[in-house]
Amino acid sequence: MSLQEITARIAKAVSNVGRPAGSVTLIAVSKVQPNERVQAVLEQGHRCFGENRVQEAVGKWPAFKEQYSDVDLHLIGPLQTNKARQAMELCNAIHSVDRPKLAKTLARLAQEIGSCPDLFIQVNTGEEDQKAGILPVDADRFVAECKELDLPVRGLMCIPPVDQEPSLHFALLAKIAARNGLTGLSMGMSSDFEQAIALGATHVRVGSAIFGERVKPQG
Ligand SMILES: *Cc1c(COP(=O)(O)O)cnc(C)c1O
């Protein structure tokens, strides 16, 4: 598939549910993709990208940002506190805020740096042991804690379990966001972004459907 096709499918999904045009941001997930493929998508005019590892993002994006100053880079993978500063300096948004220790580190660094990327709190809607994210039962308290730290929390993020109907998880995430007064919903990937849009996604994270299968295995 191509960027154009994905953009068209997003526009159609948005209009099908009567949402305003342009209400969904496409994050093109470029992790482990060769630079030529990323360059090609930049040349088509797309500027919003997602990476799931700080190390990889730091190796790849400063050079692209020199070429294209309006790149909008989103960190969508787990963040260790010792990489938080690098992530904050490079990224425009972080979708993986998932624990109090990380929230406190981000708040301290935001004071030092004088700015903070847009933040999304990752919720482990499937309550999976191997997956990052705050548990649904702890989400309200954690959102409140982040707000008390003056963090710019824009919304919530989830990655549904692979073997379950994603819509149930999208609906749960939307419900938690609504009761906490949050408007951003980072949900939906290559296989289910249309369902996510129907349930209110504001940010979809699409990788393989734009770039093709990842060449190297995902780390
Ligand atoms: C890799 C990844 C995606 C994109 O996955 P595709 O199935 O290739 O669209 C989305 N979100 C996160 C958190 C990812 O790690």
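Hi everyone, let me start with charges: the count of salt bridges comes to 13. Please keep in mind that this is a predicted model.

Glu-194 makes a salt bridge with Arg-9, and their closest N and O atoms sit 2.9 Å apart.

Now, on to the strands. If you find strand 2, residues 48-51, you can follow it across to strand 3, residues 72-75. These two run parallel and are joined by four bridges. To get your bearings, take Glu-51: its bridge partner in strand 3 is Leu-75. How do we get from strand 2 to strand 3? Through helix 3, residues 54-67, and together the three elements make a right-handed β-α-β unit.

The chain then carries on from strand 3 through helix 4, residues 84-90, to strand 4. That β-α-β crossover is right-handed as well. Strand 4 covers residues 93-97, and its pairing with strand 3 is also parallel, this time over two bridges. Here the landmark is His-74, which stands opposite Ala-93 in strand 4.

Which residues come closest to the ligand? Lys-31, Ser-190, Gly-207, Ser-208 and Arg-214 do, out of 12 residues that surround the ligand. By class, that shell has five nonpolar, four polar and three charged residues.

Let's go through some contacts to ligand oxygen. From the side chain of Lys-31, an N or O atom is 2.7 Å from an oxygen atom of the ligand. With Gly-207 the backbone is involved, as one of its polar backbone atoms is 2.8 Å from a ligand oxygen. Ser-208 also uses its backbone, with an N or O atom lying 2.8 Å from an oxygen atom of the ligand. And how much of the ligand does the protein cover? On its own, the ligand has 380 Å² of accessible area, and the protein covers 91% of that.

Definitions and conventions. Residues numbered from 1 in each chain as written. Predicted model: local features only at pLDDT ≥ 70, side-chain atom pairs only at ≥ 80, totals over all residues. Heavy atoms only, no water. Near = heavy atom within 4 Å. Polar contact = N/O pair within 3.5 Å; in protein donor to acceptor, adjacent residues only side chain to side chain. Areas by Shrake-Rupley, 256 points an atom, 1.4 Å probe, with all protein chains shown as cover. Nonpolar A, V, L, I, M, F, W, Y, C, P; charged D, E, K, R; others polar. Pairing = 2+ DSSP bridges. Right-handed = clockwise from strand over helix to strand, strands pointing away. Salt bridge = Lys/Arg side-chain N within 4 Å of Asp/Glu carboxyl O.
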